[in-house]
Amino acid sequence: MTTADEYRLLGFTDADREDTEKLDLDPVPVAEFAAQLRRVMGTFPAEDELRAPDDPKISLAAFLQTLPDIRRYHSERGISDEISWATLADLGQQLNVHRRTNGDFGLETHWWMTIHWTGMIFALGRLQFLLHQVPEKNPVPGTEPGEWVIGVHIPETGPLTPEAVDDSFAQAREFFPRHFPEHPVKTATLGSWLIDPYLLDNLPQDSNMVRFGRRFTPYGEPRDSQDSAIFFTFRSHDLENLDKYPRDTRLQRLVLERIEAGGTWQTAFGYLTL
Ligand SMILES: CC(C)(COP(=O)(O)OP(=O)(O)OC[C@H]1O[C@@H](n2cnc3c(N)ncnc32)[C@H](O)[C@@H]1OP(=O)(O)O)[C@@H](O)C(=O)NCCC(=O)NCCS
């Protein structure tokens, strides 16, 4: 049973907590997915080692069922309660994002939360860092295949000020050697619409977003990903009815005008040395 305090620390809104408490799910698939999570927790599983259920609500129930396990894993690694809860509170954030995107209770990004619940990602200040090995299919310059690196992720939790970003990287430089000494890291990577070259060239150069993106050296080939820019700017997946979106900020206008002119937003790749 998840306590009121735990729901709060996991970042649930009242509405998401109420809907979660009303869930009436078949306990068998929930227990099965919980067992899978327990089996791979802390082992840095490859994507195909974990099969998320089709129903995101089964995943949600399994995350709550294994909360004591992931908390114990963090504590065994010497990770502070503060970092542990900040990391796991992405669950509440993702439920909230789902509600804003779809207007109802759900967790469309349940696959993303399996990364938190297997113990691979940590929220250190403004940013999240995902400890993983360089994938063979997308090599990173200056690293060996299989080398450990940290992937940078940017939750929607307020402005991305240079000071907050500096602080996060400073924390990461201490955190990983201390808690994962067997996986030394010297490089951070980013795969994101935030470093689409078009965004970096067309937003004001002194904006937080451009200053953040310019920290990374580009590598590899960007991939088309129209949905990312729309989803992260407007929290919608509707690519057809662009007229319904607000055009209040420079980012909103830039995202829409590029698509209206026939352009396609992309996910691009970059790295930096820690
Ligand atoms: C990345 C993020 C934190 C940047 O926010 P920020 O620090 O406020 O950005 P900036 O100050 O550089 O903003 C530059 C311009 O874009 C606008 N802007 C930035 N993010 C915006 C958003 N999500 N929606 C609408 N407008 C946004 C700002 O208002 C500003 O325009 P203005 O000068 O007309 O007001 C924010 O966009 C965000 O939370 N995005 C969602 C998470 C995300 O994309 N993660 C990466 C996933 S791969």
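In the account of residue classes that follows, Ala, Val, Leu, Ile, Met, Phe, Trp, Tyr, Cys and Pro count as nonpolar, Asp, Glu, Lys and Arg as charged, and the others, Gly among them, as polar. With these classes, the shell around the ligand in this predicted model divides into 9 nonpolar, 6 polar and 2 charged residues.

**The ligand shell**

The ligand is surrounded by 17 residues, of which the closest are Ser207, Asn208, Phe232, Thr249 and Leu251. Three helices, H11 (208-213), H12 (226-234) and H13 (250-260), each supply at least two residues of this shell, and the largest share, 3 residues, comes from H13.

**Overall fold**

The protein has 13 helices and 6 strands. Its radius of gyration is 19 Å, close to the 19 Å that the globule rule gives for 274 residues, so the protein is as compact as a globular protein of that length. Along the principal axes, the C-alpha trace spans about 50 × 45 × 35 Å. Of the 274 residues, 28% count as buried, and among contacts with a separation of 6 or more, 70% are made by residues 24 or more positions apart.

The chain is divided into domain 1, which covers residues 1-119, and domain 2, which covers residues 120-274. For residues 1-119, UniProt gives the feature "domain: N-acyltransferase N-terminal", in an unreviewed entry. This span is 65% helix and 0% strand, and its end C-alpha atoms lie 21 Å apart.

The C-alpha centres of domain 1 and domain 2 lie 23 Å apart, and the contact between the domains takes 16 residues from domain 1 and 11 residues from domain 2. On the side of domain 1 that touches domain 2, the elements that give two or more residues are helix H6 (81-88), helix H7 (90-102) and helix H8 (110-117); the largest share of that side, 5 residues, comes from H7. By class, this side of domain 1 has 6 nonpolar, 7 polar and 3 charged residues.

How values were computed. Residues numbered from 1 in each chain as written. Predicted model: local features only at pLDDT ≥ 70, side-chain atom pairs only at ≥ 80, totals over all residues. Domains from an automatic or database assignment. Contact = placed C-beta atoms within 7 Å. Helix = DSSP H or I, 4+ residues; strand = E, 2+ residues; numbered from the N terminus. Near = placed C-beta within 6 Å. Rg over C-alpha atoms; globule rule 2.2 N^0.38 Å. Buried ≥ 20, exposed ≤ 12 C-beta atoms within 10 Å, placed from the backbone. UniProt positions renumbered as here; feature names shortened; annotations may be inferred.
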